[in-house]
Amino acid sequence: MTKTPPWLDPANIDFMLDECETWAVVGLSGDRSRTAYSIASLLVERGKRIVPIHPDAPTVLGQQGYASLSEVPFDIDVVDVFRRSEAAGQFADEAVAVGARAVWFQLGVIDQAAFERTTAAGVPMVMDTCPAIEWRRRH
């Protein structure tokens, strides 16, 4: 049996899915063909508030977008990152800087150094999975 990597800690996954309400979705645009859009839709269906984070600051699913995490004028619970691994780490650092309660890197997005920095700052982090997958595992 393979050992579960520390970034797939079930307690952190449960904390984010069950206790966190406001999800900033990095890379979310109005493009319905993108995975970020379908996951943001799922988050809304599950009662979460989404905050689009995209350079164009689009309004998506009825929610005002922001060009960066630092521009969001209210508390963020989870920063959910839809960016390539090599570009994702900066968003983990920004999440810590703005006081987010947790960071989630989507399926295929892994940055070991960002994981170590984020968790060392006391912020739980999940990588290389998706809320849709984790919710399905519960049934």
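## Strands, helices and a pocket

S1 and S2 pair in the parallel sense, joined by 5 bridges. Keep in mind that this is a predicted model.

Q: In S2, which residue is the bridge partner of Ala24?
A: S1 and S2 are paired in the parallel sense. Ala24 is one of the S1 residues, on one side together with Thr22 and Val26. Over in S2, its bridge partner is Val51.

Q: Which strands are the edge strands of the open sheet?
A: The sheet has 5 strands with parallel pairing, in the order S2-S1-S3-S4-S5. An edge strand pairs on one side only, and that picks out strand S2 (49-53) and S5.

Q: How many residues of S1 are buried?
A: Look at both faces of the strand: Thr22, Ala24 and Val26 sit on one side, with Trp23 and Val25 on the other. Each face is covered, and those residues are all buried. S1 is therefore largely enclosed by the rest of the structure, with a buried count of 5 of 5.

Q: Does Thr22 count as buried or exposed?
A: Thr22 is part of strand S1, which covers residues 22-26. Setting aside neighbours within four places in sequence, its contacts are Arg49, Val51, Phe74, Asp75, Ile76, Asp77 and Val78. The cut-off for buried is under 20% relative accessible area. Thr22 comes in at 10%, so it counts as buried.

Q: In S4, what is the bridge partner of Val78?
A: Val78 turned up above among the contacts of Thr22. S3 and S4 run parallel and are joined by 4 bridges. For Val78, the bridge partner in S4 is Ala102.

Q: Which elements give two or more residues to the lining of the largest pocket?
A: The largest pocket holds about 510 Å³ of space. It is lined by 20 residues, and the closest to its centre are Val26, Gly27, Arg34, Phe82 and Arg83. Going by element, those giving two or more lining residues are helix H2 (35-45) and helix H3 (85-97).

Q: How many residues does H3 give as the largest share of the lining of the largest pocket?
A: The lining divides into 11 nonpolar, 5 polar and 4 charged residues. The largest share of the lining comes from H3, and that share is 3 residues.

Q: How far apart are the end C-alpha atoms of H3?
A: H3 has 13 residues, and at 1.5 Å a residue it should span 18 Å. The distance in the model agrees with this: the end C-alpha atoms are separated by 19 Å.

Q: Which elements are included in what covers the buried residues of H3?
A: The buried residues in H3 are Ser85, Ala88, Gly89, Phe91, Ala92 and Ala95. What covers them includes S1, strand S3 (78-81), strand S4 (102-105), helix H4 (112-120) and strand S5 (125-126).

Q: Which residue just after H3 takes a positive phi?
A: H3 is the helix at residues 85-97. Just past this helix, phi is positive, at about 85°, in Gly99.

Q: How far apart in space are Phe115 and Asp93, C-alpha to C-alpha?
A: Phe115 is part of helix H4, and at 9% relative accessibility it counts as buried. Leaving out neighbours within four places in sequence, Phe115 is in contact with Pro6, Trp7, Met125 and Met127. Phe115 and Asp93 are 22 residues apart in sequence, while in space their C-alpha atoms are separated by 9.7 Å.

Q: Which residues does Leu42 touch, not counting residues up to four places away in sequence?
A: Leu42 belongs to helix H2. Its relative accessibility is 17%, so Leu42 counts as buried. Not counting residues up to four places away in sequence, Leu42 touches Pro131, Ala132 and Trp135.

Q: Where does Leu61 lie?
A: Leu61 has a phi near 50°, a positive value in a residue other than glycine. Leu61 is partly exposed because its relative accessible area is 34%. Its place in the chain is the loop between S2 and S3.

Q: What is the relative accessible area of Asp128?
A: Asp128 is found in the loop between S5 and helix H5 (131-137). Its phi is positive too, near 60°, in a residue other than glycine. Asp128 is partly exposed, and its relative accessible area is 26%.

How values were computed
Residues are numbered from 1 along each chain as its sequence is written. This is a predicted model: local features need pLDDT of at least 70, side-chain atom pairs count only at pLDDT 80 or more; totals for chains, interfaces and linings use all residues. Side-chain values use heavy atoms; hydrogens and water are left out. Buried means under 20% relative accessible area, exposed over 50%, partly exposed in between (1.4 Å probe, protein chains only). Contact means heavy atoms within 4.5 Å. On a 1 Å grid over the protein atoms alone, a cavity is a set of points where a 1.4 Å probe fits but cannot get out, and a pocket is an open set with protein on both sides within 12 Å along at least five of seven lines; lining residues have an atom within 4 Å of a point. Grid points are joined across faces, edges and corners, and a volume is the space filled by probe spheres set on the points. Ala, Val, Leu, Ile, Met, Phe, Trp, Tyr, Cys and Pro count as nonpolar, Asp, Glu, Lys and Arg as charged, and the others, Gly among them, as polar. The expected span of a helix is 1.5 Å times one less than its number of residues. Two strands pair if DSSP finds at least two bridges between them.
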